[in-house]
Amino acid sequence: AQEAGKLPDYVAWKDAEDFIVHSAQTLETKRGVIGTSIVTPNSEMYIRNNLPAPDEAIVADRDAWEVSFEGLSDAKTMTLGELKKVAVETVATVLQCSGNGRAFFEHETSGSQWATGAAGCAIWSGVPVRALVEAMGGVSEGMQWLTGTGGEEIPEGLPPETIQVERSVPKEALETAILAWEMNGEPIPLAHGGPLRLVIPGYFGVNNVKYLKRLAFTAEESPAKIQQTSYRMRPVGEKGAPSQPSMYEMPVKSWITGPLRDAETGRVQIHGVAMGGTEELEKVEVSLDGGQTWQDAPMVGPDLGKYAWRPFVLITDLAEGTHELVSRATTTSGETQPEDFPANERGYGNNGWRVHGVDVTVG
Ligand code: MSS
């Protein structure tokens with residue numbers, strides 16, 4: 001158990017006040033901490049580790065970190081120092097755990113009871129995977145998947161596929177994926193995957209493999225449990241299986257970040273964040289009456305691209321009483337948040353607008 005008010009060593013540089021500590025490997029950013037910011041500072045970004053983070057030693061000499069490439073004509077091993085010379089690109093993307101919103105389902109779910117705070121928006125810099133593919137002579141024939149392997153050490157005697165963090169995504173993701181070494185203008189902290197992280201814009205957190213030590217184009221999906229049976233969307237009561245949809249692209253979603261409980265009479269600013277997942281946002285609407293009537297809530301600040309989120313603000317007057325405030329985002333292709341997202345065994349992918357609402361009492 002964690003000592004109250006103290007965070008584990010690898011995240012000791014974060015402020016315990018900003019988080020709900022579910023476990024040493026799962027820290028949820030408090031809802032109000034996100035406020036009206038586009039970029040989530042590294043110190044406020046949530047943490048989700050399936051395995052204990054590697055030793056700090058792996059970020060002592062970042063440029064010496066090695067990544068092996070496979071499934072390319074001229075595949076080889078490269079150091080981070082060498083990767084930095086190939087090309088560079090910057091992308092702003094929401095990082096969100098597949099289980100964000102799990103706590104809002106009515107059925108009992110195993111896993112961290114994330115409400116809204118297993119998500120943040122960060123700016124990542126690194127080398128585009130497509131530049132590496134080009135530099136290494138193209139993807140070998142028959143390869144269908146882009147497979148990333150995490151650098152955690154696997155305790156001896158354990159079959160690696162039982163716990164290794166290794167994820168495969170359809171190989172088309174190579175067009176947008178980057179191998180990132182910077183997060184919000186700093187070398188990526190160990191806790192967030194430094195020295196090198198696979199970032200797949202618009203894809204759920206689990207696909208963004210930290211401490212990347214291998215990037216392979218493969219004919220088959222990774223045999224790792226985290227790929228084969230975990231992170232699979234299925235009905236309540238069913239076991240995970242490779243035939244079920246895997247947690248890849250994130251859907252449209254929004255939530256209010258303030259006010260969260262009580263407000264005074266008069267003018268209030270209702271604010272929150274909205275994301276399109278892999279698509280541009282068209283609009284955000286807010287309802288003060290639990291979804292009976294809706295008003296447009298203007299988005300504020302610069303648009304950092306379709307993978308980033310956008311703060312929205314609605315300025316209004318609230319009368320005395322309790323108000324059910326909800327928000328609903330829509331993409332340019334017409335995708336809107338559903339009122340309720342279907343219950344599913346592990347509580348993944350919740351983007352239902354009703355359960356993300358807040359009751360605010362004015363008086
Ligand atoms: N990577 C690695 N290597 N390991 C681990 O564990 N996890 C996942 C990702 N990646 C991992 C990795 C998950 S699952 C998530 S969300 C993410 O990551 C998180 O991030 P941050 O930075 O925030 O911590 Mo769910 O879908």
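Student: Does Thr322 count as buried or exposed, and why?
Tutor: The model is predicted, and Thr322 is found in strand β20, residues 321–331. Inside 10 Å, Thr322 has 11 C-beta neighbours. A residue with 12 or fewer such neighbours is exposed, so Thr322 counts as exposed.

Student: Leaving aside neighbours within four places in sequence, which residues is Thr322 in contact with?
Tutor: The C-alpha atoms of Thr322 and Val362 are separated by 6.2 Å, with the two residues 40 apart along the chain. Leaving aside neighbours within four places in sequence, the contacts of Thr322 are Asp359 and Thr361.

Student: How many of the 10 residues of strand β7 are buried?
Tutor: Strand β7 covers residues 119–128. Strand β7 is mostly covered, and its buried residues number 7.

Student: What is the bridge partner of Gly126 in β10?
Tutor: Strand β10, residues 178–183, also pairs with β7. This pairing is antiparallel and has 5 bridges. In β10, the bridge partner of Gly126 is Ala180.

Student: Which residues touch the most other members of the largest nonpolar core, and where does this core lie?
Tutor: The largest nonpolar core has 89 residues, and those touching the most other members are Val94, Ile178 and Leu179. Both domains give residues to this core, so it lies between domain 1 (9–228) and domain 2 (253–362).

Student: Not counting residues up to four places away in sequence, which residues does Ile178 touch?
Tutor: Ile178 is one of the residues that touch the most other members of the largest nonpolar core. In soluble globular proteins, nonpolar side chains tend to be buried together. Beyond four places in sequence, Ile178 touches Glu89, Val91, Trp124, Gly126, Val127, Pro128, Val129 and Val199.

Student: What distance separates the centres of domain 1 and domain 2?
Tutor: The domain assignment of the chain gives domain 1 as 9–228 and domain 2 as 253–362. Taken over C-alpha atoms, the separation of their centres is 27 Å.

Student: Which element gives the most to the side of domain 1 that touches domain 2?
Tutor: In domain 1, 25 residues are in contact with 27 residues of domain 2. On the domain 1 side, the elements giving two or more residues are α1 (31–34) and β6. With 4 residues, the element that gives the most is β6.

Student: By class, how many residues on the side of domain 1 that touches domain 2 are nonpolar, polar and charged?
Tutor: This side of domain 1 consists of 25 residues in contact with domain 2. By class they are 9 nonpolar, 13 polar and 3 charged.

Student: In β3, what is the bridge partner of Leu27?
Tutor: An open sheet of 3 strands has the order β1-β2-β3, with antiparallel pairing. Its edge strands are β1 (19–23) and β3 (47–48), each pairing on one side only. Strand β2, residues 26–29, pairs with β3 over 2 bridges. In β3, the bridge partner of Leu27 is Ile47.

Student: How do the residues of the shell around the ligand divide by class, and how many are nonpolar, polar and charged?
Tutor: The ligand is surrounded by 22 residues, and the closest are Asn50, Cys97, Gly150, Gly205 and Val206. The shell divides into 11 nonpolar, 8 polar and 3 charged.

Technical notes: Residues numbered from 1 in each chain as written. Predicted model: local features only at pLDDT ≥ 70, side-chain atom pairs only at ≥ 80, totals over all residues. Near = placed C-beta within 6 Å. Nonpolar A, V, L, I, M, F, W, Y, C, P; charged D, E, K, R; others polar. Buried ≥ 20, exposed ≤ 12 C-beta atoms within 10 Å, placed from the backbone. Contact = placed C-beta atoms within 7 Å. Pairing = 2+ DSSP bridges. Core = buried A, V, L, I, M, F, W, Y, C linked by C-beta atoms within 7 Å. Domains from an automatic or database assignment.
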